[in-house]
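Have the model open as you read.

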Amino acid sequence: MSGPKRLVYDVLISGGGAAGSALAHRLITANVARNAISPLRIGIIEPQERTICKDTESTQERIPNARAYALSPSSLETLGLNSALKGKLGEYEVMQIWEQNGPGLLHFNKDDVSPAELKSYNALGAVVEDRDIVSGLWDALSTHENVDLISGASLKHIEKISRTDDSVKLVYEKSGGKIEAFAKLLVAADGGNSFVRNTLGMSTVGFGYGRRAVICTVKFDSKDSMHEYKKRVAYQRFFPNGPIALLPTFNDDYGNIVWSTTPEEASRLTSLDSTEFVDEVNDALQTGPTLSPPILSSETLSRLPPPLVDAVRGVEMLGQSLSHGLALASSMNSAETFRFPPTISSVEGRRFAFDLKLQHAKKYVGPRVALIGDAAHTIHPMAGQGLNLGLADAECLAKCIKMAIDSGMDIGSSTFLDMYESERQKAAVAMMAGIQCLHAAFSTEFSPAVYLRSIGVNFVNSATPL
């Protein structure tokens with residue numbers, strides 16, 4: 001009776017989603033593989049069955065899908081799929097952010113970003129569907145003989161690895177058969193519940209936000225007279241329970257909704273009929289900035305002596321004046337004024353909801369192993385940075401692998417893996433800290449904090465870009 005089939009790789013990637021496939025593609029296109037004495041042997045193990053076929057379907061023939069990502073120009077550059085993604089990008093030149101219980105208003109536009117950061121894209125960012133990213137990457141990788149795309153396969157076993165081992169040994173199953181594979185470097189790109197990370201005992205820290213995100217695709221009202229003006233804009237309005245975002249798609253008649261809120265509210269939103277849900281979305285988005293709430297309620301003020309009441313009202317007036325003055329200064333110094341989002345006319349397809357959590361691996365690397373993407377870190381979607389972080393991981397790891405190859409050293413060497421971990425953990429922790437601060441700042445309903453937040457937001461908006 002013959003034993004299991006054996007395969008040998010330089011880099012074996014567990015997970016053929018966007019981050020894992022992007023790493024393989026980057027290893028090929030960034031001249032990493034061809035700089036080796038012989039081309040790097042790369043494998044991708046993906047549980048889902050995937051067929052390799054050129055996507056000839058016109059984007060005009062399909063309704064956009066809500067499973068999409070907001071990507072920065074740097075991330076689009078890392079993907080390297082300009083031709084494959086032509087006509088499939090929901091580009092935006094402006095991002096408008098405002099709050100539900102205050103006058104805070106913030107605009108970012110492409111002119112605030114340096115030409116070097118914009119790369120070859122004339123946009124602040126773009127929304128791209130997961131299916132278009134992954135199919136584009138797999139189509140591109142399928143043309144390279146040194147890349148094995150193993151779909152419909154699942155990892156079953158990884159042998160314990162020591163620093164003296166010259167390869168990782170693992171077993172995966174496909175079509176009922178077990179196959180042994182060896183790799184100089186195993187990359188975990190298999191999501192937040194990573195099999196590789198869990199099997200190797202690489203621990204994580206984190207917590208749940210107590211929030212769920214509701215996502216769906218919506219159609220815009222064709223009678224909206226300002227529709228042309230509202231194209232190429234990403235909208236986000238913050239509520240105490242979480243933000244709602246309206247993002248562009250490749251089809252100007254549609255947008256994607258991402259609404260973060262409490263689990264109870266998420267259940268209610270997903271159970272509404274389509275008409276009721278559309279009304280809720282329009283109510284949430286078709287209101288501009290408001291006056292800040294009173295610092296103290298009328299009942300509390302009635303119990304205070306008149307001089308103290310006058311002092312409180314004076315502080316309120318000062319806060320309102322500062323916020324409104326900064327907002328006015330911003331509108332006078334910028335072409336950007338508040339834009340009401342397009343009116344929603346219908347929901348297209350299903351509404352989905354998922355829990356939001358923060359998760360961070362204590363170590364991104366181990367002996368001959370590296371974690372990238374959600375296997376390394378999972379963050380709140382409010383800033384749209386999840387896949388951007390994952391693609392930056394792929395870019396950084398590819399760079400470190402290239403350094404190992406150029407120096408004639410082992411690509412699984414801890415020297416280069418530690419460089420990857422140091423750079424990417426710093427970036428991820430900084431992003432997590434920033435998002436946590438935003439979450440805390442916009443979740444509060446404590447009136448003095450709301451005043452300070454509004455003033456801060458309008459101050460940033462009025463500042464001239466460096």
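Is the crossing of α1 and α12 left-handed or right-handed? The crossing of α1 and α12 is right-handed, the term for a near helix turned clockwise from the far one by less than a right angle.

## About the model

This is a predicted model, where local features need pLDDT of at least 70, side-chain atom pairs count only at pLDDT 80 or more, and totals for chains, interfaces and linings use all residues. Residues are numbered from 1 along each chain as its sequence is written, and side-chain values use heavy atoms, leaving out hydrogens and water.

## The helix pair

Helix α1 covers residues 18–29 and helix α12 residues 386–406; they pack at an angle of about 30 degrees, with axes 9 Å apart. That makes α1 roughly parallel to α12 (angles under 35 degrees).

From α1, Ala 18, Ala 19, Ala 22, Leu 23, Arg 26 and Leu 27 take part in the contact (heavy atoms within 4.5 Å). Their partners in α12 include Leu 387, Gly 390, Glu 395 and Ile 401. The residues of this contact divide into 11 nonpolar, one polar and two charged, with Gly counted as polar and Asp, Glu, Lys and Arg as charged.

## Two loop residues with positive phi

Ser 175 lies in the loop between β10 (168–174) and β11 (177–188). Its phi is near 55 degrees, a positive value in a residue other than glycine. Ser 175 is exposed, with a relative accessible area of 73% (exposed means over 50%).

Arg 368 sits in the loop between β17 (365–366) and β18 (369–371), and its phi is near 60 degrees, also positive in a non-glycine residue. At 8% relative accessibility, Arg 368 counts as buried (under 20%).

Conventions:
Axes fitted to C-alpha atoms, helices over the stretch in contact; angles between N-to-C directions. Helix = DSSP H or I, 4+ residues; strand = E, 2+ residues; numbered from the N terminus. Parallel < 35°, antiparallel > 145°, perpendicular 65-115°, else oblique. Buried < 20%, exposed > 50% of the residue type's maximum accessible area, 1.4 Å probe, protein only.
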